[in-house]
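Here is a note to go with the structure shown below. Please keep the model open while reading the numbered points.

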Amino acid sequence: MKFLLTMHMNPEIWEALSEETRQEVMDGHADFIAKIRASGEMISTQALGGPEDSAVVRVRGGVPAVTDGPYAESKEFLAGFYLVECESRDRALEVAAMIPDAGIDGLGIEVRPVVFFADAETQTDLG
């Protein structure tokens, strides 16, 4: 089963951490990636830019309307994700607990099952 493990950032919490702790979290991601690659559970990961660089596109009456900024105003924003293949939900929860951000008070990892998957190489029938 595929699971999306999302990491949400709260800048207030992040900035309150010591530089040493922030570096430990960042270094911990490299260790985490190595572990889940070795286990065969890694599919992909992406880190995302901040909301200050985002835009929202809505089409109304066939005309796109673009607004700068995040989809929703909040203190937290989607900072990145891991897409993993795990044998069960329980294993996905174990894997999520290994992500360094999960150990920071005020942060956490959301675990969601993937119900549809397509990529550039795989032929997918939507009909």
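1. Patches are made of residues that have over 30% relative accessible area and no salt bridge, where like charges are joined within 9 Å and nonpolar side chains (Val, Leu, Ile, Met, Phe, Trp, Tyr) within 5 Å. A salt bridge, in turn, is a side-chain nitrogen of Lys or Arg within 4 Å of a carboxyl oxygen of Asp or Glu, and accessible areas come from the Shrake-Rupley method with a 1.4 Å probe, with only the protein chains shown counting as cover for residues. Val-57, Val-59 and Val-66 form a nonpolar patch on the surface, and together they have about 280 Å² of accessible area.

2. The model is a predicted one, in which local features need pLDDT of at least 70 and side-chain atom pairs count only at pLDDT 80 or more, while totals for chains, interfaces and linings use all residues. Residues are numbered from 1 along each chain as its sequence is written, and side-chain values use heavy atoms, with hydrogens and water left out.

3. The protein has three helices and six strands, which are DSSP runs numbered from the N terminus (helices: H or I, at least four residues; strands: E, at least two). Of its 127 residues, 29% count as buried, where buried means under 20% relative accessible area, exposed means over 50%, and partly exposed lies in between (1.4 Å probe, protein chains only).

4. How many aromatic pairs does a search of the whole structure find? The search finds one: the ring centres of Phe-32 and Tyr-82 are 4.8 Å apart and the planes stand at 75°, so the pair is edge-to-face. Rings of Phe, Tyr and Trp (its six-membered ring) pair if their centres lie within 6.5 Å, and planes under 30 degrees apart count as stacked, over 60 as edge-to-face and the rest as tilted. Phe-32 belongs to helix H2 (residues 19–39) and Tyr-82 to strand E5 (residues 77–85), so that the pair links parts of the chain 50 residues apart. Both Phe-32 and Tyr-82 are buried.

5. His-29 is also found in helix H2, and at 13% relative accessibility it counts as buried. Leaving aside residues up to four places away in sequence, His-29 touches Met-7, Tyr-82, Ile-99, Pro-100 and Asp-101, a contact being heavy atoms within 4.5 Å.

6. Is Glu-15 buried or exposed? Glu-15, in helix H1 (residues 11–16), is exposed, with a relative accessible area of 57%.
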